[in-house]
Amino acid sequence: MDTAIKLKGDKIIEQIPSIKDKALRINLNENIYGTFAEIGAGQETVRHFFRAGGSSGTIAKAMSAYDKDFSDAVYGVESDGRYVTESRLKKMLTHEVNLIEKRLSREKHPNKMFFSYANTVATIDFAKQFKGHGWVGISYQIEPDEDYNEIILHIRFKETDVRLQQETLGILGVNLIYGAFYKYNDPKRLLRYLYDHLDKDQLEIDTINFSGPRFADVDNRLMSLQLVKNGMTDAVMFNPDGKNILPAAILYKKNILAFRGSFRPVTKVNMDMYEKSLKMFLNENKVDKDNTLVVFEITLSNLRSDGEIDERDFMDRAELLCSLGQTVMISNFQEYYKVVEYFANYTKARMGLALGVNNLVDIFDEKYYRHLSGGILEAFGKLFYRDMKVFLYPMMGEDGVIINSDNLKVHPRMKELYKFFKFNGKVVDIDDYDPTILEVFSRQVLNMINNGKPGWESMLPSGIAEIIKEHQLFGYDPNKILKEVN
């Protein structure tokens, strides 16, 4: 008989199992059986399973190959000589899964769901300059005769004490294993549950990838979006293949040219700005083409529709940009200086921003910097970091006059500040633009698509209209077109 008292006005609170309860539930399931391989921060995850009780039914092996020679002998040598990498984690998972299958007979264990949990991390250094990071993953079965599923994520520690980082990693590991087995049917919820008994200021998850039969329908770009949406990280990136990639790895020591836009959809103006600014950027001193990365950035605020993030709309934009072979970044950076500041964490090489006139005028609006103690001067000190340049794409004025860096209008108080950056070559015009497309706007194209008006196809880069029609992106409806024509 339930004697719990319920009062009027009580709200339903989701009950989150304790870390011990999560470990115990897994331990008491006679079919979940596997190995733990942890390098760099102690055996913090498996410790919870040992302490919960009943661990002999779950743990086939727990190991920690700390010595580099031992580690290389077990898992092989990495071509780059590094140990805290995705490649290393995948080798660990593959090796351990193969050992389970080799050493444990299916005849003896017909109902076992095998798993291998692994992490390779570097905790905070002695000087406390680098807070540490790591790769964490699990390869596991849901049915004994089913292929393995895999969840791999990259973390950044935010705490400044080794012991606290170790404890945080242990809790994350239990959450991951528990979520993998009991929340695999809802990856978005699984993602949120990784922070059970953890705070966002303890840990950042900036990359995650799901694969395997149970995640066949999961688009990892959408999972990336969830990381930013849930405040787990400030920015995520994915490559033209749609695979989530670690920002630190792809941005490291690169020359970076960034474009910010709604890309809803991507138009000829976007691609003209891209092609012409990239040509100018590559002509800059010390900019090597082979060491240059172009990033198309979409801010979270650009994805909001009536206050909510439209995931289908996001996927439509992502599909088009990927089809054009572009690397995409999703961020929660409202101000441009925060984007540059983010890139500066990973590279000291050259940086460029390709902007339209309206965007540059907005940058010189003081209202965006009132929260900074140094105001707009502090923001500009971060924005025009080192040799950062703005490549300015012109616009057509209401009277048909082309507006560029020479005749754009900023607030009178900002005029001298703007002149300073212009005079010092921080703002340069894209002169070799296509004048026939200056009046093409994404909003106009989107409106035409939504309302079935013909003629929008010619405003988009080659092949893009066909993709929109084939996949019916951005609300495209062929029946509307027919009605309009008729």
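**Salt bridges, a sheet and one buried arginine**

Let's start with a pair. Lys-382 and Glu-378 form a salt bridge, with their closest N and O atoms 3.2 Å apart. By salt bridge I mean a side-chain nitrogen of Lys or Arg within 4 Å of a carboxyl oxygen of Asp or Glu. The two residues sit four apart in helix 13 (residues 375-383), so about one helical turn separates them. Helices (H or I, at least four residues) and strands (E, at least two) are DSSP runs, numbered from the N terminus.

A word on the source. This is a predicted model, where local features need pLDDT of at least 70 and side-chain atom pairs count only at pLDDT 80 or more, while totals for chains, interfaces and linings use all residues. Residues are numbered from 1 along each chain as its sequence is written, and side-chain values use heavy atoms, with hydrogens and water left out.

How many salt bridges does the structure hold? There are 32. One of them joins the side chains of Lys-61 and Glu-96, at 2.7 Å from N to O. Lys-61 is in strand 2 (residues 59-63) and Glu-96 in helix 4 (residues 86-103), so this pair ties together parts 35 residues apart in sequence. Is Glu-96 buried or exposed? Buried, with a relative accessible area of 0%. Lys-61 is partly exposed, at 23%. The cut-offs: buried is under 20% relative accessible area, exposed is over 50%, and partly exposed is in between (1.4 Å probe, protein chains only).

Next, a network. Salt bridges link Asp-72, Glu-78, Arg-88 and Lys-91.

Eight strands make an open sheet, in the order 8-7-13-10-9-14-15-18, with mixed pairing. Strand 8 (244-245) and strand 18 (427-429) are at the edges with a single partner strand each, so one side of each has no neighbour in the sheet. Two strands pair if DSSP finds at least two bridges between them. Strand 14 (residues 351-356) and strand 15 (residues 389-393) run parallel, joined by five bridges. Leu-353 has Val-390 in strand 15 as its bridge partner.

Last, Arg-260. Where is Arg-260? In strand 9 (residues 255-260). Arg-260 counts as buried, at 15% relative accessibility. Its side chain makes a polar contact of 2.8 Å with that of Glu-297. A polar contact is a pair of N or O atoms within 3.5 Å; within protein, one must be able to donate a hydrogen and the other to accept it, and residues adjacent in sequence count only if both atoms are side-chain atoms. A polar atom of the Arg-260 side chain also lies 2.9 Å from the backbone oxygen of Phe-333.
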